[in-house]
Amino acid sequence: MSPPAATLAALATAPAAGAVGILRLSGPAALEVGRLLAPGVPASPTPRHAYLAAFVDADGTALDEGLFLYFRAPHSFTGEDVVELQAHGGPRLLRLLLARALAHPAVRPAGPGEFTRRAFLHGRLDLTRAEAVADLVAADSEAAVRAAAAGLSGALSSRVEALETPLRALHADLEGVLDFPEEAEGADADAAPRLAALRAEAEALLAEAGRGRLVRRGARVALYGPVNAGKSTLFNRLVGEARALVDEEPGTTRDVLEARLEWDGLGITLLDTAGLRPTPGRVEALGIARAREALATVDLAVLVLPPGAGEAEARGWLAEAGDSPVLRVAGKCDVAPASGDVPAVSGLTGEGVEALRAQVLGRLWGGGAPGAVALVSERHADALRRAAEALGRAGEALAVSTLEAVSGEVGLALEALGEVSGTCASEALLDAIFERFCIGK
Ligand SMILES: Nc1nc2c(ncn2[C@@H]2O[C@H](COP(=O)(O)OP(=O)(O)OP(=O)(O)O)[C@@H](O)[C@H]2O)c(=O)[nH]1
Ligand SMILES: [Mg+2]
């Protein structure tokens, strides 16, 4: 792959006033253009050395003074010559500096994620690590930060490689037996256990997609149940402030209320919903419809029941959550102690609230630290699923079909895995991936 010739320029910092603003240049003309802006920097600057320099306009008038950093290819983020100007963070000033760089004929503005895309094209990062860069920028919980950081340092990439390398070896062995039956005789002897092990590993990685999604987007948890059960009081207690209206009149909550929380580092969107009852007023009925919609989308529905709710009644409310998993709790336990093994909680006194939090996390997460998960995205999951399926078919073909058929399926599995690591990624796929990056990244 020949390196793209244009030199890219973009502001790497947000377009708002800040202490520092960074203009980033990458490509063959980066140093030349950087020195146009900062003529005081030597013609052959020491790489990775911070120069204090004046940044000037076309007449040589100083616009600012800041740091000039040079990274020589291939020892830079993109693998190309990179120059970073760290100026003061005035948006207008930075646009002047950027315009000056863009006036050079070798320079064009960088598209979203284009620096990272070049890093990928130059083999500085595989695709999962490039995606982890975007995840890190988008991370809005501690768990998401930690998982993305692990991804950036290669946590997912090494697991994909641990699949891809032996799969490629197996493919080569099968092709060898097909092409040179005599020389390669027996190379396919242990194909069945090798296929089975690879398929199991692909499925293990696939199984982490759900956790990856939870970490990336946070979990949605709704409180629901009959009117007046104490949902809003419990919601306020969990949120730590009086967000929801509370009243003794049944049907107080109408709209769905949302609060963004972080529990053990995991992002949680907690929802309070309208109490469900059979004969609501008109506006309340609208609220109940919204509650039902919300319930269908949650990762966990917490059913809050008032004291004295019977088993038959409870079963009816459990069914209201549809396919969403339900955690049932007995509310207002300060009034009447709950019986049986249903966890008891009181939003009013706070009794049982910590235990409820732990149970919610347990139900969402199982064991282990949320930040330690491999960030398997929907995109990865889709490719892994196709790889696992192809490996499954390869295993079947081994028993009933030709070696060509087996090898063909193994080839398909390799292609699917290549979409994860980037060894087999189309331009269209790369476009779709890097589109979600910010400009300047
Ligand atoms: N003793 C006691 N009273 C509570 C508790 N939680 C709520 N209440 C009272 O019960 C009434 C209803 O509380 P809410 O929190 O509004 O109940 P809700 O389930 O949100 O009600 P709707 O929004 O109408 O469905 C209020 O008078 C609260 O003060 C509790 O844990 N213990
Ligand atoms: Mg309420």
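Q: Which orientation do α3 and α15 have to each other?
A: In this predicted model, α3 and α15 are oblique to each other. The reading starts from the crossing angle: under 35 degrees is roughly parallel, over 145 roughly antiparallel, 65 to 115 roughly perpendicular, and the rest oblique. The axes of α3 (residues 114-121) and α15 (residues 427-434) cross at roughly 140° and come within 10 Å, so the pair is classed as oblique.

Q: What is the handedness of the crossing where α3 passes α15?
A: The crossing of α3 with α15 is right-handed.

Q: Which residues of α3 and α15 meet?
A: On the α3 side they are T116, R117 and F120, and on the α15 side E427, L430, D431 and F434. Sorted by class, this contact has 3 nonpolar, 1 polar and 3 charged residues.

Q: How does one read the pair α6 and α14, at what angle do their axes cross?
A: The angle is again the starting point. Helix α6 (residues 155-179) and helix α14 (residues 403-421) have axes that cross at roughly 155° and come within 9 Å. That angle is why α6 and α14 are roughly antiparallel to each other. Their crossing is left-handed. From α6, the contact involves V160, L163, E164, L167, R168, L170, H171, L174, E175, V177 and L178. From α14, it involves L403, E404, V406, S407, V410, G411, A413, L414, L417, G418, V420 and S421. The classes in this contact of α6 with α14 are 14 nonpolar, 5 polar and 4 charged residues.

Q: At what angle do the axes of α9 and α12 cross?
A: They cross at roughly 80°, with the axes of α9 (residues 231-239) and α12 (residues 353-365) coming within 11 Å. The two helices α9 and α12 are therefore roughly perpendicular to each other. L234, R237 and L238 of α9 meet V353, L356 and R357 of α12. Divided by class, the residues of this contact are 4 nonpolar, no polar and 2 charged.

Q: Which residues come nearest to ligand 1?
A: There are 22 residues around ligand 1, and K231, T233, G251, T252 and D334 come nearest.

Q: How does one read the atom distances to ligand 1, and what kind of K231 atom lies 2.7 Å from an oxygen atom of the ligand?
A: One notes which part of the residue supplies the atom. For K231 a polar side-chain atom lies 2.7 Å from a ligand 1 oxygen atom. For S232 a polar side-chain atom lies 2.8 Å from an oxygen atom of ligand 1. For A229 the atom is a backbone N or O, 3.0 Å from an oxygen atom of ligand 1.

Q: Which residues does a cis peptide bond join?
A: The cis bond joins A73 and P74, with omega about 0°. P74 sits in the loop between β4 (62-71) and β5 (82-89).

Conventions: Residues numbered from 1 in each chain as written. Chains lettered and ligands numbered in written order. Predicted model: local features only at pLDDT ≥ 70, side-chain atom pairs only at ≥ 80, totals over all residues. Heavy atoms only, no water. Axes fitted to C-alpha atoms, helices over the stretch in contact; angles between N-to-C directions. Helix = DSSP H or I, 4+ residues; strand = E, 2+ residues; numbered from the N terminus. Left-handed = near helix turned anticlockwise from the far one by under 90°. Contact = heavy atoms within 4.5 Å. Nonpolar A, V, L, I, M, F, W, Y, C, P; charged D, E, K, R; others polar. Near = heavy atom within 4 Å. Polar contact = N/O pair within 3.5 Å; in protein donor to acceptor, adjacent residues only side chain to side chain.
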